[in-house]
Amino acid sequence: MDNLEKYIRENAAAFDVEPNSGHFDRFEQKLKEQSGLHRRRLIHRSMRVAAVGVLLIMSGLFVGEHFFSSDVSQDIPVTQEYQQAQFYYKTRIDDGLSTIKNLQGGISDEQRQMLLDELSNVDSLFQQLQEDYKASPDDPRIMEALLRHYRMKAEVIDNIVKDLEKCSVKEQRKVQSSVSL
């Protein structure tokens, strides 16, 4: 520190130079530009935070709607509607299973059999729900659980069929491209 003070005292005349004309105007202009840039950055960051907040809220609503809501109203007559929904889902499931059995390509026969076995193993919980339904057929919670099982199984099978069809199409394209070479 002492060396710095000594240097400043010895060269005081060099530090007394006035800035060029317009220096303060240019300095003010730069400060204004930096202030505007800071304001834009603040707005940009705020927009990012708002977007993340909206995404979190929307995903929370999606999860709540799909996993924690009950789709069956407590006071509607469920017997005919339940039977119609059950028939619809059983038909979709059966169609999907037959498509998986008959679809050529995508997976081997051994993999196909393993997949079908796994899908049939999913029904153990379903059988328990059916026993509960027989014990109290008017309980809408049990009917809703049964319908959710059907819906979930139908969606899983639909996704599997779509994936297998994509794989089958890819294999066919590979075969066609190798044949054309």
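**Reading a predicted helical chain**

The protein chain has 7 helices and 0 strands. Helices (H or I, at least four residues) and strands (E, at least two) are DSSP runs, numbered from the N terminus. This is a predicted model: local features need pLDDT of at least 70, side-chain atom pairs count only at pLDDT 80 or more, and totals for chains, interfaces and linings use all residues. Residues are numbered from 1 along each chain as its sequence is written, and side-chain values use heavy atoms, leaving out hydrogens and water.

Q: What pattern does the protein chain follow along the sequence?
A: Read in order, the pattern is α-α-α-α-α-α-α.

Q: What is the mean pLDDT of the protein chain?
A: pLDDT is the predictor's confidence in each residue, from 0 to 100. Here the mean is 76, and 82% of residues reach 70 or more.

Q: Which elements have the lowest and the highest mean pLDDT?
A: Helix α5 (residues 109-121) has the lowest, 76. Helix α1 (residues 2-10) has the highest, 87.

Q: Where does pLDDT stay under 50?
A: Over residues 70-77. The model has 10 contacts beyond four places in sequence for them. Contact means heavy atoms within 4.5 Å.

Q: Is Q86 buried or exposed?
A: Buried means under 20% relative accessible area, exposed over 50%, partly exposed in between (1.4 Å probe, protein chains only). Q86 has 16%, so Q86 is buried. Q86 is found in helix α4 (residues 78-102).

Q: Which residues does Q86 touch, not counting those up to four places away in sequence?
A: Q86 touches L147 and Y150.

Q: What share of the 181 residues is buried?
A: Buried residues make up 19%.
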